[in-house]
Structures are given as structure tokens and as C-alpha cells.
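Please study the sequence and the structure before reading each solution.

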Amino acid sequence: MPSNKSVSDAPIVQFTNCRILRDHRLQREDLWVREGKILNPEKLFFDEKGSADVQLDCRGSIIAPGFIDVQINGAFGVDFSLATNDFKSGIDLVSQKILSHGVTSFCPTLVTSPPSVYHQVLPQINVRNGGAHGAGILGAHLEGPFISREKKGAHPEHCLRTFEAGAFQDLLNTYGSLDGVRIVTLAPEMKRSSEVIQELTKRGVCVSLGHSVANLSQAEEAVQHGATFITHLFNAMLPFHHRDPGIVGLLTSDKIPTGRRVFYGMISDGIHTNPAALRIAHRAHPKGLVLVTDAIAGMGLAPGRHTLGQQVVEIDGLNTYIAGTKTLSGSVATMDTCVRHFREATGCSVETALEAASLHPAQLLGIEHNKGTLNYDSDADFLMLNDNLYVQATYIAGQEVWRQDTSGM
């Protein structure tokens, strides 16, 4: 047999008997992996005269890119908005446990907090690759404190801030640093927000619009200055109105700069958004939909009292409220649950449901050349799923990092 060692000594793994999500459709072909990357088999055969060192029978499974969660506040008793002495062990725990939900990369999210919390927590959120230790960290998502009082939702009012004369410097002083920050959610109707959006965009930070009473023209202006995302569409913003649809109107706006796409997050947990609203958004702008969990510390735990930053929240079934109120405060749904609910609620294809949790968030963050697809030379972060979209195994850089216990299937 011809040697495949001329280019690399690393073993080549061939995944057979599977359907791969590639080019927006499930295709019956094998997946080839070497050194953590997806291989082009034609180059392997014809240029290297190589072959597989290991063959793995996938038994008809779907192979899809790993899920990317760009809004997760915590889980399994860990709250990313709490400055604790063992913050690192907490983030490690979450990154390990969400592998079973198919999440291979995520953005730890902090809700509105005092500056002291940002100063203590943000230096401990380090961008890193995923692996056996857990899902990769893409950078922090800072949701607030520059948001609307009227649409604060579960964010503590006493910590909210406005932009003062030196707007961007005020933001820097509040957060302490933008190192490792990937997304900032703010309300675009705030005075001086335009200069802040421009400065953040210049530094490669994704600006998201949310917790806002912005009208459509204010939202369009924010997009023209660089904003590219909407935080949990329909939640914590003005409801759609036919004379001024507000931020929701961005989905069909004709004022979006040429070549720019506006993405929008949706919490597809069956609680935050009615299935009809999910269908409306998806049909209006299918290529912009990004599934997020908005999960809180109580995800994966029994109902009862938990925290969301400075607030106490109560979990009642799948509902999470600020204690003593009926104000929704995050979710306890897992990403794979959101994918299945989205598919069921919209009647979309399997491919569409999977891409809303993989390709679209990767495109939002500008990392689609490495993650969110199974294209040749991209990172070998992928899932094996059954036809009902239950995760059977999770792989990062071509290595199995989680597998469903067959006795529990």
C-alpha cells in the first residue's frame, strides 16, 4: 500500500457510512481527517498517494459541524457574571459539560454588572481552542450595561450606564479592557452610541443591538456604523409595529450596506418566542438566524433558586424568572434542544436547523473559514447525530471528546 507519510506522520482517519453536511445539504460521502483538519481526499489520493490509517464506521449517522453558542450566561451552577475565586474551574466545568449538547465553541456571556465584576472576570476569560478538556472559548459576550432601562429585562437597573462625554473611554473604563471580548450588546438609541459602535467595530468586536427601545431608523444607523447582530430577537425590544417595526425591521430593511448581512439571535426554547414568531423571523431572513441558548447557571440543575449575575432567579419547569416576578431571565434549554425545537416549530430542513447553530454563528464572528462548516482545511470540530438530531458523539480537532453512553440511548 502506498505510504501517506510523505507529507505528515500524523494518522489519517476516514469516517465512513455517514451523511455529511456540506454545501448546505447532507451528502453521502466519507469524512477524512488529519492533524485536526478536514482533508480533501482527492489531494490525498492523487498528490500524496495516501490512504487511511484508521477507518471508523458511523453506522449511517449525520455528521455536522459543531455547534457554536454565542450567548450563554453559565450552566451547571456556574454563573459567568459572578466574580469568584474559582472562576477558572467554573468555566472549565461548563466547557466540559456542554460537549454533550454538541457545543464545540462558545462565548461566555456576562449580563449587566458593576465595573468591579468586569475587571475581575474578564482577565480570566482566555480565548482558547477546544479539546478533551472542553469546548473552545471564542471570547466574551458583554450584554450591557449600556442598555435601555425600559427594556432591561433581567438586568439590574442600578448597574445600567449611559455613554458620557468620552463615550468609548467610558466603555473601556467600565470593562477594564477589551482583550478577549468578542461581542458587546448595547442599545443603539443611546446618545453617542454611533461613535462607540464604530470604535468597537474597528477593534474587531462584534456589536449587537438589544435591550433597546430603538426605532427602525436608529437601528439602521447602527448597522451603517458597523453593528451586525441582534440580541435575542423579539425579547427586550419594542414589539413589531407596522408603522415603525423597530429593531425587528432590520430583517427586511433596504438600508443595510451592500455586502453586509445582519444576523439575529433567537432563543428557540418554546418559551421565549412563540413558534409563529420563530417562523415569521426565519421566513423573512433565513440566512441571518443564529440559535442561542441564553442559558443561565441553573441549566442542567434541578428547579429552584439560582443566580444570574446580581439577581436571584427561580426555575419553574422550563421557565426561568427573576425571583418574585414573571420577568423571564435567561433559559435552561440546551443547544441541541434548541436545534430540535427550531426544526419542529418551523418545519425547516435538517440542514437548515443544523446551520443555524453552526454556520451562521461562525459567519457572524467571521470564523467560517475555520469553523461552522466541514469544508476542506477547516477545523475538524463536528458531531455525529441520529436522524432526530440527538447528539451521539462530539469531536474537536478530529478527536472524540464525548460519546453518548449506549446503555442510556
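**Exercise 1.** Into which domains is the chain divided?

*Solution.* The model is a predicted one. Domain 1 is made up of residues 13-64 and 373-403, while domain 2 covers residues 66-365. The centres of domain 1 and domain 2, taken over C-alpha atoms, are separated by 30 Å.

**Exercise 2.** Describe the interface between domain 1 and domain 2.

*Solution.* Begin with the contacts: 21 residues of domain 1 touch 23 residues of domain 2, with heavy atoms within 4.5 Å. Next, consider the area: the two domains bury about 1,700 Å² between them, and 70% of this lies on carbon and sulfur atoms. Then turn to the polar links: there are 0 salt bridges between domain 1 and domain 2, but 5 residue pairs are in polar contact. Finally, identify the elements: those giving two or more residues to the side of domain 1 that touches domain 2 include strand 3 (25-28), strand 7 (62-65) and strand 23 (391-396). Strand 23 contributes the most to that side, with 4 residues.

**Exercise 3.** Determine the strand order of the open sheet of 4 strands, and examine how strand 1 and strand 6 pair.

*Solution.* Strands of a sheet pair through backbone hydrogen bonds, either parallel or antiparallel. In this open sheet the order is 5-4-1-6, and the pairing is mixed. Strand 5 (37-38) and strand 6 (54-57) form the edges, each pairing on one side only. Strand 1 (residues 12-16) pairs with strand 6 in the parallel sense over 4 bridges. T16 stands opposite D57 of strand 6.

Key:
Residues numbered from 1 in each chain as written. Predicted model: local features only at pLDDT ≥ 70, side-chain atom pairs only at ≥ 80, totals over all residues. Heavy atoms only, no water. Pairing = 2+ DSSP bridges. Domains from an automatic or database assignment. Buried area = accessible area lost by both parts, 1.4 Å probe. Salt bridge = Lys/Arg side-chain N within 4 Å of Asp/Glu carboxyl O. Polar contact = N/O pair within 3.5 Å; in protein donor to acceptor, adjacent residues only side chain to side chain.
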